Amino acid sequence: MNTFLIKSLLTGLFLLGCLSLSLAQPVVSKIRTDYTADRMKITYDVQKLTEQDSVYLQIASRTKGLLKIRTVTGDVGRNLSSGTNKVIYWDFALDGFTMGDEAIQPIVGVKEAPRQQTIGRGPLSALASIAVPGLGNMLVHRKVGYRPLITVAYGGLLVYGFLERQKANEQYDRYMSEPYERDAIPYYDAANQHRKRYMNAFRGAGLILAADVIYSVIKGVQNDRLRRTASQRITVQYFGNTPTLAYHLTF
């Protein structure tokens, strides 16, 4: 397998791997601090935060590790929204600390609440990828994201391949017009070069298509398994004073 095919395969697998990652994780950035005699002001920005997520503050000391802080107010805890210039106050004097020459570092983090799981479609979604690579991937995840890049990569390789095949045919026709002339040899060599390129392009497109179809089948089977698991549950119910196990099956 030549370098072009290896790069095409790695590109296809990289795209599929990237697309399976969640893009909805909270992001904390631009943490700034300011001091008074007895209070620290921490300002931060946060994105992709839900009301169920919990924002927390930690203070790390260079010599003492994480400090036990208690008197914290402001934009901490739950029921917060995304935004800029969020403010947290730490009254370190009330907690018995003094700044002095101690080097400390505030850490603002987010404890994520469990996200509601969205189950995509089943393995038959792979049939859509055969028609339009990337479409089955969207169906099994119920997300679009960067998945159209799979279609773009596949289509781009096909277009490139057809153009190179046309060039190969043109160069070969020129060679065949005078196959035994010395000046015709460069046409033959050029035709071979274009032929190699269009064959590699078609093979690369085939690898992307195969990777997308196989991934969609595997993910679709996992979705069906999750859907069956979610539709079955066992609970404890009472008839009078007698506990019984109840098996629930939903369709």
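The model is predicted, so local features need pLDDT of at least 70 and side-chain atom pairs count only at pLDDT 80 or more, while totals for chains, interfaces and linings use all residues. Residues are numbered from 1 along each chain as its sequence is written, and side-chain values use heavy atoms, with hydrogens and water left out.

**Confidence**

- The protein chain averages a pLDDT (the predictor's confidence in each residue, from 0 to 100) of 81, and 78% of the residues score at least 70.
- Over residues 19-23 the pLDDT is below 50, and this stretch has eight contacts (heavy atoms within 4.5 Å) in the model beyond near neighbours in sequence.
- Residues 244-251 also have a pLDDT under 50, and the model gives them 22 contacts beyond four places in sequence.
- Where pLDDT is low, the predicted coordinates should not be read in detail.

**Helices**

- Helices and strands are DSSP runs, numbered from the N terminus, with helices being H or I of at least four residues and strands being E of at least two.
- Helix α4, residues 148-177, has 30 residues and reaches 44 Å from its first C-alpha to its last, close to the 44 Å expected at 1.5 Å a residue, where the expected span is 1.5 Å times one less than the number of residues.
- Among the residues of α4 that are buried are Ile-150, Tyr-154, Leu-157, Gly-161 and Glu-164; buried means under 20% relative accessible area, exposed over 50%, and partly exposed in between, with a 1.4 Å probe and protein chains only.
- Met-199 is found in helix α5, residues 185-230, and is partly exposed, with a relative accessible area of 24%.
- Met-199 and Arg-165 are 34 residues apart in sequence, and their C-alpha atoms are 8.2 Å apart in space.

**Salt bridges**

- The count comes to five salt bridges, each being a side-chain nitrogen of Lys or Arg within 4 Å of a carboxyl oxygen of Asp or Glu.
- Arg-32 forms a salt bridge with Asp-45, with the closest N and O atoms 3.5 Å apart; Arg-32 lies in strand β1 (residues 27-35) and Asp-45 in strand β2 (residues 40-47), so the pair ties together parts that are 13 residues apart in sequence.
- In this pair, Arg-32 counts as partly exposed at 31% relative accessibility, whereas Asp-45 is buried at 9%.
- Arg-39 and Asp-91 meet through their side chains in a salt bridge of 2.9 Å, N to O, which links the loop between β1 and β2 with the loop between β6 (83-90) and β7 (104-111), 52 residues apart.
- Arg-39 is partly exposed at 30% relative accessibility, and Asp-91 is buried with a relative accessible area of 12%.
- Arg-70 and Asp-95 form a further salt bridge, their closest N and O atoms being 4.0 Å apart; Arg-70 is exposed, with a relative accessible area of 60%, while Asp-95 counts as buried at 9%.

**Nonpolar cores**

- A nonpolar core is a set of buried Ala, Val, Leu, Ile, Met, Phe, Trp, Tyr and Cys residues joined through side-chain atoms within 4.5 Å.
- The largest nonpolar core has 19 residues, of which Met-40, Leu-57, Ile-59 and Trp-90 touch the most other members.
- The elements that give two or more residues to this core are β2, β3 (54-61), β6 and β7, and the largest share, four residues, comes from β2.
- Apart from this core lies another, of five residues, among them Ile-150, Tyr-154, Leu-157 and Ala-205.
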